[in-house]
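The following note sets out points for a colleague who is about to examine this model. Each point is kept to one topic.

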Amino acid sequence: MRLLRSSRRLVAVVLLAWAWGVASAEEVEKKLRIGLLIGSYNTKDKVPSQAGNALQITDESDETIGFLEDPRNDSSVFNDLTIQTARRASLNVSYAFTRILLLEGSVGYQKGDVGNVEVQALFNGMVRTNPDDPFPFQTFLIRAGEMTQVPVQLTALLRFRPKSVFNPYFGFGVGYTFIGFEPSDALDELSRRMDGSVGGQARVSGLIFPNISAATSLADLQGAHVDARDTFEWHGAGGIEYTFRRKWSAVAEVRYTFASRSFQIGFNGASELGVSIPSLRVPETDPIAQATYGPFEIREGGLLDAGRLVPGPGAPSGFTEEQCETQPTFCVFDLGNVDGQLDPGFYYVHGGPVKYGGFSFQAGIRYTF
């Protein structure tokens, strides 16, 4: 058995050496080349959730006197708004001026999701179930839509080992990315509901015993707005090429792209509905410590149908669900028991800008004419 295994290893080594010797570096100078690569693109930017933020307030001697904490559900801290990783295919054509220097033109295509839009709501009549959480906000994640990207790039490439079958290379270039965005049905519905609602900015206060004060003025809300314009970009590239047959080579490549613009989504004329508490440490006299932070109170309409008001434990005998509409103090919000009606309450809807730039990794083949 040992002899058999040794013989197999010897044969494998001989075949590998034969294949390495048979393959030779393709002469590319003054020649046209075409390649097809397939892989993925990962946008590096994101809009992180602000649910876990806390503003630390200090006195004149720089001693901490309290925290103004974001009232949202902390379990949402990993719900980032971003352009999701998507598959990308690229077709490229290059011309080698010398054995070392090439100029490549390429066009790519990818389609993928954008998400998640974080909606948090504290519905009227909700009862606190966690003693450590004074505000029982509920989290709802909404897919923003589908984005198409078509990057057109021009790249100068330098080959390190032009006479070797194994040839690393790197380069730099510029380009222009055509962007298409199709909002999801859920985002369209959220925008329509926001357009039909009336509310105002509420306020979170209290460094020791936090509370949410009702809005002092009301106005009609505005729905979602999306900015998904085309963008200029510049990029760096690096990869390896292996010649496995005359005129044919295998390629693996990484690129990092910097974009001049960002994708943006906002609500009610701002980047978010409600005002997030920043995660900072400031003195109590600082304007940041005196600013208004908190959810948006919607009194007419609502953004979600998440349940209904039902008679609570303290309701009078014979009190009906219908009476909850006029006497809500005797009722509690029954989450999940939907009734086809939008629910008023305190809302956050989180948006913001996401840069298009990121990493692509692709592998494929290249042919030399």
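1. Two residues are taken to be in contact when they have heavy atoms within 4.5 Å. Among contacts in this predicted model between residues at least 6 apart in sequence, 77% join residues at least 24 apart.

2. The mean pLDDT of the protein is 91, and 93% of its residues reach 70 or more. Among the elements, helix 2 (residues 185-195) has the highest mean pLDDT, at 98, whereas helix 1 (residues 2-22) has the lowest, at 45. Over residues 13-23 the pLDDT is below 50, and this stretch has five contacts in the model beyond near neighbours in sequence.

3. The secondary structure consists of 26 strands and three helices. With a radius of gyration of 29 Å, well over the 21 Å that the globule rule gives for 369 residues, the protein is more spread out than a compact globule. Taken along the principal axes, the box filled by the C-alpha atoms is roughly 90 × 55 × 45 Å.

4. Burial and surface may be read together. Of the 369 residues, 41% are buried. The accessible surface comes to about 19200 Å², and carbon and sulfur atoms account for 58% of that surface.

5. How far apart are the mean positions of the positive and negative charges? The protein has 33 positive and 41 negative charges, and their mean positions are 24 Å apart.

6. Phenylalanine 369 lies in the segment after strand 26 (358-368). By contrast, proline 328 is 41 residues from phenylalanine 369 in sequence, and the C-alpha atoms of the two are 78 Å apart in space.

7. Threonine 257 belongs to strand 17 (residues 248-259). Is threonine 257 buried or exposed? Its relative accessible area is 8%, and because the cut-off for burial is under 20%, threonine 257 counts as buried.

8. Glycine 115 and asparagine 116 are joined by a cis peptide bond, with omega about 0 degrees. Asparagine 116 is located in the loop between strand 6 (101-115) and strand 7 (117-123).

9. With a relative accessible area of 47%, aspartate 62 is partly exposed.

10. Asparagine 268 likewise is not a glycine and has a positive phi, here of about 55 degrees. Its position is in the loop between strand 18 (262-267) and strand 19 (272-273). The relative accessible area of asparagine 268 is 21%; since buried means under 20%, asparagine 268 is classed as partly exposed.

How values were computed: Residues are numbered from 1 along each chain as its sequence is written. This is a predicted model: local features need pLDDT of at least 70, side-chain atom pairs count only at pLDDT 80 or more; totals for chains, interfaces and linings use all residues. Side-chain values use heavy atoms; hydrogens and water are left out. Helices (H or I, at least four residues) and strands (E, at least two) are DSSP runs, numbered from the N terminus. The radius of gyration is taken over C-alpha atoms; the globule rule is 2.2 Å times the number of residues to the power 0.38. Buried means under 20% relative accessible area, exposed over 50%, partly exposed in between (1.4 Å probe, protein chains only). Accessible areas come from the Shrake-Rupley method with a 1.4 Å probe; for residues, only the protein chains shown count as cover. Lys and Arg count as positive and Asp and Glu as negative; His and the chain ends are not counted. The place of a charge is taken as NZ of Lys, CZ of Arg, CG of Asp or CD of Glu. pLDDT is the predictor's confidence in each residue, from 0 to 100.
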